[in-house]
Amino acid sequence: MTVPRFHRVVTIERFIMDQERLYPEATGDLSNLLYDIALAENIDPDLAFGLVRTESAFKNAATSHVGAMGLMQIMPATARWLANRLGL
């Protein structure tokens, strides 16, 4: 079964947001973590890096003036909707 690309991108976001808990040894090395997860999820690492750089400049705590949060600047309502849809 092929996982939709949007789900894979959200998976990267979830892993990165939880990086301190899931990957304590990688806390200081976000770029390696992002690269490894992108490859594991069959996403072009250039796409993942470009998205995170554009959306948050690699700042974990980035927030926008409209309320988007995190490395990929996902709106809280979108995150709740997607989590509900995926049964998370």
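The following questions and answers concern selected residues of a predicted model.

In this model, local features need pLDDT of at least 70 and side-chain atom pairs count only at pLDDT 80 or more, while totals for chains, interfaces and linings use all residues. Residues are numbered from 1 along each chain as its sequence is written, and side-chain values use heavy atoms, with hydrogens and water left out.

Reader: Is Gln 73 buried or exposed?
Author: Gln 73 lies in the loop between α4 and α5 (76–86); helices are DSSP runs of H or I with at least four residues, numbered from the N terminus. Buried means under 20% relative accessible area, exposed over 50%, and partly exposed in between, with a 1.4 Å probe and protein chains only. Because its relative accessibility is 13%, Gln 73 counts as buried.

Reader: Which backbone oxygen does the side chain of Gln 73 reach?
Author: Residues touched by Gln 73, not counting those up to four places away in sequence, include Glu 55, Ala 62 and Ser 64; contact means heavy atoms within 4.5 Å. A polar atom of the Gln 73 side chain lies 3.4 Å from the backbone nitrogen of Ser 64. At 3.1 Å, the side chain of Gln 73 reaches the backbone oxygen of Ala 62.

Reader: Why does Leu 51 count as partly exposed?
Author: Leu 51 has its place in helix α4 (residues 45–56). Its C-alpha atom is separated by 8.6 Å from that of Leu 71, 20 residues apart along the chain. Leu 51 counts as partly exposed because its relative accessibility is 29%.

Notes. Helices (H or I, at least four residues) and strands (E, at least two) are DSSP runs, numbered from the N terminus. A polar contact is a pair of N or O atoms within 3.5 Å; within protein, one must be able to donate a hydrogen and the other to accept it, and residues adjacent in sequence count only if both atoms are side-chain atoms.
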